[in-house]
Amino acid sequence: MEHLDQLAASLRALPPSCGPVRLIAVDGHAGSGKSTFAARLAAALGGAPVLHLDDLATHEELFAWTGRLREQVTGPLSRGESACYAAYDWTLRRFGTARPLGPAPVMLVEGVGAGRAAVRPDLARLLWMDLGARESWARGRRRDGPAQAEFWDGWVAAETRHFAADPSLPYADLLVRQRREGYEWRPGPSATARPDRSVTLRDCLLPPSENGLKTSP
């Protein structure tokens, strides 16, 4: 965990991006490991809150959750207020009881499209799970089993349309790849294109031979 601690420290050192909060997006294709990575990073951050975009999406609105995110979460946080959102129940097909989400020094927002254009102004960093679409979707299908095959068919089409119109990858600061043991990360297109971003991230981007802090168990 010491290596994720290094990444966590670099995120804590960032200036706030959404009111007093450093909002960190974990984006990538469905099945790429976003939820697992976000949970481990949140633990390294001392229990940072994680907002799962699956809680804001619905069967009919797989990607039309931007308004709910702004109204219930990022809007209040940007004003220094506590957020409060209702999570969607994918079995009952309705929103449940509202959940409080107080401001924290670092907060993670995790899900496909977390780095979309409408969200990026509120982000301190955008992390992209570096696993291709086909491999990610195959992993997701294996995880969910045959019962969800029809849903996955519709999801793949919707995700393809979303990223074609509103890509996140070109704006990623870090590309995160899961290894047999832990993770490794490298500068994303945004950090590479802007030298000031690379300098800010230098502490967690040195190769293992220089600081041993690139890969996390």
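Mentor: Buried residues make up 48% of the 217 residues in the protein chain, where buried means under 20% relative accessible area, exposed means over 50% and partly exposed lies in between, with a 1.4 Å probe and protein chains only. This is a predicted model, in which local features need pLDDT of at least 70 and side-chain atom pairs count only at pLDDT 80 or more, while totals for chains, interfaces and linings use all residues. Residues are numbered from 1 along each chain as its sequence is written, and side-chain values use heavy atoms, with hydrogens and water left out.

The chain has eight helices and nine strands; these are DSSP runs, of at least four residues for helices (H or I) and at least two for strands (E), numbered from the N terminus. Of the contacts with a separation of 6 or more, 69% are between residues 24 or more positions apart, a contact being heavy atoms within 4.5 Å.

The strands β3 (83-89) and β4 (94-101) pair in the antiparallel sense over six bridges, pairing being called when DSSP finds at least two bridges between two strands. Along this pairing, A83 stands opposite L101 in β4. Five of the seven residues of β3 are buried, so this strand is largely enclosed by the rest of the structure.

Most residues other than glycine have a negative phi.

What does D55 touch, leaving aside residues up to four places away in sequence? D55 touches Y85, A86, A87, Y88, F95 and R99. D55 itself lies in the loop between β2 (50-52) and α3 (66-78), and it counts as buried because its relative accessibility is 13%.

From there we can turn to the largest pocket, whose volume is about 640 Å³. Of the 26 residues that line this pocket, D54, R143, D144, F151 and W152 are the closest to its centre. On a 1 Å grid over the protein atoms alone, a pocket is an open set of points where a 1.4 Å probe fits, with protein on both sides within 12 Å along at least five of seven lines, and lining residues have an atom within 4 Å of a point. Grid points are joined across faces, edges and corners, and the volume is the space filled by probe spheres set on the points. Helices α2 (34-44), α4 (133-144) and α5 (149-165) each supply at least two residues of that lining.

Among these helices, α2 has K34, F37, A38, L41, A42 and A44 as its buried residues. Seen down the axis of α2, they fall within an arc of 155 degrees, so they line one face of the helix; the arc is taken from the directions from the helix axis to the C-beta atoms. R40, also in α2, is partly exposed at a relative accessible area of 37%. R40 and D5 are 35 residues apart in sequence and 10.0 Å apart in space, C-alpha to C-alpha. Just after α2, G46 takes a positive phi of about 80 degrees.
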